[in-house]
Amino acid sequence: MTRIAALLGALAPATLLATLALALSATARAAPPTDYPNRPIRMIVGFAAGGITDITARQIAAEMGELLGQSVVVDNRTGAGGNIATAELARAKPDGYTLMLASPGQLVVNPLTQKSLGFDPNTRFSLISLVNESPFVFLVPATSKFGSVQQLVDWGKRHPRKLSFASPGIGTTMHIAGEMLQVSAGIEAVHVPYRGGAQATNDLIAGRVDFMIDSLGSVAQAVQSGQLKVLATAAPERLPQFPDLPTLAETYPNLIASSWLGVVAPPGLPPDLTAVLARAVERASRAPRYVETIERRGSRLAAPGPAAFSTHLEKERARVERTIVKAGIKLD
């Protein structure tokens, strides 16, 4: 039995049906070689070694390598907010040997806010599967006078542009989340962009800025140590870790934000290769070692497969685009 047949045979029935439906609706393409993969696979990462995206990619790559019988090698191509890596993926052959672990900035925010991407913003990459999702939380310093988001919003309405919020940089998902709050709540706050998440978190702890919306995984240590207070979550439902914590969506229905990572391939990947890789990523993301790591960071597993990834991406693009248009965010 070939590797492709073996992996497809291990697919759960629902996943197999969804994969076959995608294959039937796609343009007919030549069948992939039956010995795929017969050489190492490259997984591009658009961010520096040691960051959450890089660490996640290396964990997923190691698990995939065991499942596929070939090494999956992480290749860091940093710069331009992930655009250098994304442009390289857009140029790669759709043969199953080049993948990328993509962030919301690369697939959603950058194409909506930048003209100089290095690739066509309408490029339809081949979606393989999400690997995790990390809910955003609304944070203030431990010493903040605000005990709820509503208190902060009410104060902000009485004092326009007196509130400030931090983010790791212009156009990041954290910046977009802060703009979403302003649009939804009808307040004007000053955005303070930093050159990374650590600097933003440190200044929030010190009280130099009033609030920040960031992934729970990025700030878990500061929350656990009591340096930051969590006032709400931007997840669609309350978090198991904080069952008494309200969601922002309870007051502002459109304010849902999270960080996520997903495996993508160049445009035009054959459906049967997509199916093989989707199964490998799904199994890799459910490996006990990986699950333990992401749960420790406050992240969680996301719905697997190309169809779920496509639905998620469409919702993200629509939600982010509404905010970007209203806030007039441009990065060029």
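Modeller: Start with one term: two residues are in contact when heavy atoms lie within 4.5 Å. Keep in mind that this model is predicted. Now use the term. The buried residues of H6 pack against strand S4 (126-141), strand S5 (163-167), helix H7 (173-185), strand S7 (211-215) and strand S8 (228-233).

Colleague: Which residues of H6 are the buried ones?

Modeller: Buried means under 20% relative accessible area. In helix H6 (residues 149-158), that gives Val149, Leu152, Val153, Trp155 and Gly156. They span an arc of only 165° around the axis, so they sit on the same side of H6.

Colleague: Let me step back. How many helices and strands does the chain have?

Modeller: The chain has 12 helices and 9 strands. It has 332 residues, and 53% of them count as buried. Its accessible surface comes to about 14,500 Å². Carbon and sulfur atoms account for 53% of that surface. Look at contacts too. Take those between residues at least 6 apart in sequence: 78% join residues at least 24 apart.

Colleague: What is the mean pLDDT of the chain?

Modeller: pLDDT is the predictor's confidence in each residue, from 0 to 100. Here the mean is 88, and 89% of the residues reach 70 or more. Residues 10-17 have pLDDT below 50, and this stretch has 6 contacts beyond near neighbours in sequence. Residues 19-30 are also below 50, with 10 such contacts. Where pLDDT is low, the predicted coordinates should not be read in detail.

Colleague: Now the strands. How many residues of S4 are buried?

Modeller: In S4, 16 of its 16 residues are buried. Next, ask about its partners. Strand S9 (residues 258-265) runs antiparallel to S4, and 8 bridges join them. Glutamate 133 has tryptophan 260 as its bridge partner in S9. S4 also pairs with S7, antiparallel, over 4 bridges. There, leucine 139 stands opposite methionine 212. S8 pairs with S4 in the antiparallel sense over 5 bridges. In that pairing, proline 141 stands opposite leucine 228.

Colleague: What about the faces of a strand? Which residues of S3 lie on each side?

Modeller: In a regular strand the side chains alternate between the two faces of the sheet. In S3, one side has Thr98, Met100 and Ala102, and the other has Leu99 and Leu101. Those residues are all buried, so both faces are covered. In strand S3 (residues 98-102), 5 of the 5 residues are buried, so the strand is largely enclosed by the rest of the structure.

Colleague: Which strand pairs with S3 in the parallel sense?

Modeller: Strand S1 (residues 41-45) does, over 3 bridges. Isoleucine 44 has methionine 100 as its bridge partner in S3. S3 is also joined to S9 by 3 bridges, and these two run antiparallel. Methionine 100 turns up again here, opposite valine 264 in S9.

Colleague: Why is helix H5 called largely enclosed?

Modeller: Count its buried residues. In helix H5 (residues 104-113), 9 of the 10 residues are buried, so the rest of the structure largely encloses it. Among the buried ones are Pro104, Gly105 and Gln106. The cover includes helix H4 (83-91), S3, H7, S9 and H12.

Colleague: Now a single residue. Is glutamate 316 buried or exposed?

Modeller: Glutamate 316 is buried, because its relative accessibility is 7%. It is found in helix H12 (residues 306-327). Its side chain makes a polar contact of 2.4 Å with the side chain of arginine 319. Set aside neighbours within four places in sequence, and glutamate 316 is in contact with Val108, Ser258 and Trp260.

Colleague: One last case. Where does serine 215 lie?

Modeller: Serine 215 lies in strand S7. It counts as buried because its relative accessible area is 5%. A polar contact of 2.7 Å joins its side chain to that of serine 218. Beyond neighbours within four places in sequence, serine 215 is in contact with Ser134, Pro135, Phe136 and Ser259.

Definitions and conventions:
Residues numbered from 1 in each chain as written. Predicted model: local features only at pLDDT ≥ 70, side-chain atom pairs only at ≥ 80, totals over all residues. Heavy atoms only, no water. Buried < 20%, exposed > 50% of the residue type's maximum accessible area, 1.4 Å probe, protein only. Areas by Shrake-Rupley, 256 points an atom, 1.4 Å probe, with all protein chains shown as cover. Polar contact = N/O pair within 3.5 Å; in protein donor to acceptor, adjacent residues only side chain to side chain. Arc of directions from axis to C-beta. Pairing = 2+ DSSP bridges.
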